[in-house]
Amino acid sequence: MAMACWKASLFLPTFLLVLVLVLLLQYPSGSEARPKQLEPLKHDSGPLLNGTVKLGILWYGRFSNSQKIAVRDFLSSLHAQGRVPRPSVATWWRHIEAYRGAIPGSRLKGKKIPRILVKVVSQKTDGGYSVGKILTHAYFPTLAGKVTGGDDSIVAVIIAARDVSVEGTCLGQCSVHGVLETGRGLFMALGNPETECPGDCGWPFFPSTIGPQIGLPLIPPNRGGIGADAIVMSLAGALAHSVTNPYGNGFSSPFGRETKEAVSICNKVFGTGAMEGYPGKVLVARGRGHYNANGVGGKKFLLPAIWNPIKQKCWTLV
Ligand SMILES: *[C@@H]1O[C@H](CO)[C@@H](O)[C@H](O)[C@H]1NC(C)=O
């Protein structure tokens, strides 16, 4: 009798302990399990883009002039150090150029980092939506060909208008990039942040759709309104990713089913003190909106944070 009693009193705690152990063991092995903490970016033996990066820009669909001007001014601001007050777009670009020195075993440590010159060599507008309004990967080679003419040394930049959707964007990514299915040429394709996940890809100019929103959305600094500034923000990320991880074996970090790269790993960080729902410190141009980077001709832009691969944290201009 005493024996049976002892067994019964032990049964429940043992059962609970086994249950807890089973739950603990199962939880992290689930396929949906995500790492709680982001893993730092790692370099995976592949080359980065360097020297002169030639771009062919395809404006796919209809855009306003001010949107095109904002993109043009952003790109020419990348190399405008010296003539432009800080914080500048050129300083932001320096941090992308510096990735080369962070490759393990790089002989550049402590030396001057070579510049990466971004040059727009061709530009076209496909205002007639030649392949329709849903851009799948299968169309990228055709569209890229319109601006590269088959020259593999030109990186095709496909910018989608607000009534066009781009396959692969919106799933934790605002743009896609890589090697074209046919051949060796590189491409990047940008979803339009006004319509594709505005709360993610157009934030902080659009209200956040998931998670908290602290304060009002920011006011875009350029004349083209949200459209222009959100495209610049998205292009900045796509360009950073293409340079630091052009072939998928540069700098990246797995994050569940996604891959994080130089800018996407610092998701929604724009200034010091950023946290969920708050972009961090930004500057205000009187009557002209919020920004964190000066460019050529007095232009202002809001640029995303960049992962610093040496200090292993996100870096912001302000
Ligand atoms: C620079 O580009 C060349 C040509 O694409 C490539 O072979 C080389 O590995 C690149 N350098 C770095 C540091 O990635």
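Is G273 buried or exposed? I looked this up before anything else. G273 is exposed, as 11 other C-beta atoms lie within 10 Å. I applied the burial scale as follows: a residue is buried with 20 or more other C-beta atoms within 10 Å of its own, exposed with 12 or fewer, and partly exposed in between, the C-beta atoms being placed from the backbone.

**Basis of the entries**

I worked on a predicted model, in which local features need pLDDT of at least 70, side-chain atom pairs count only at pLDDT 80 or more, and totals for chains, interfaces and linings use all residues. I number residues from 1 along each chain as its sequence is written. For helices (H or I, at least four residues) and strands (E, at least two) I took DSSP runs, numbered from the N terminus.

**Confidence**

I read pLDDT as the predictor's confidence in each residue, from 0 to 100. The protein averages 89, and 88% of the residues score at least 70. I counted two residues as in contact if their C-beta atoms, placed from the backbone, lie within 7 Å. Residues 15–35 also stay under 50, with five contacts beyond four places in sequence.

**The loop between strand 10 and strand 11**

I located G273 in the loop between strand 10 and strand 11 (283–285). Leaving aside neighbours within four places in sequence, G273 is in contact with G280 and K281. The C-alpha atom of G273 is separated by 9.9 Å from that of T316, 43 residues apart along the chain. K268 lies in this loop between strand 10 and strand 11. I noted a positive phi of about 65° for K268, although it is not a glycine. K268 counts as partly exposed, with 18 C-beta neighbours inside 10 Å.

**Strands**

Strand 2 (residues 52–60) has seven of its nine residues buried, so it is largely enclosed by the rest of the structure. Strand 2 pairs in the parallel sense with strand 3 (residues 117–126) over nine bridges, and there K54 has K119 as its bridge partner. Seven bridges join strand 2 to strand 5 (residues 154–160), also parallel; L55 is bridged to V155.

I then traced an open sheet of three strands in the order 1-9-10, with antiparallel pairing. Strand 1 (42–43) and strand 10 (258–260) are its edges, each pairing on one side only. Strand 9 (residues 251–255) is joined to strand 10 by three bridges, and S253 has K260 as its partner.

**Helix 3**

In helix 3 (residues 89–97) I found V89, A90, W92, W93 and I96 buried. They cover an arc of only 155° around the axis, which puts them on the same side of helix 3; the arc is taken from the directions from the helix axis to the C-beta atoms. Among the elements covering these buried residues are helix 2 (65–77) and helix 6 (225–244).

**Backbone geometry**

I recorded a cis peptide bond from R86 to P87, with omega near -5°; P87 is in the loop between helix 2 and helix 3. The bond from W203 to P204 is cis, with omega near 10°. P204 lies in the loop between helix 5 (198–201) and helix 6. C197, in the loop between strand 8 (186–190) and helix 5, has a positive phi near 55°. C197 is buried, with 20 other C-beta atoms within 10 Å.

Note on methods:
Pairing = 2+ DSSP bridges.
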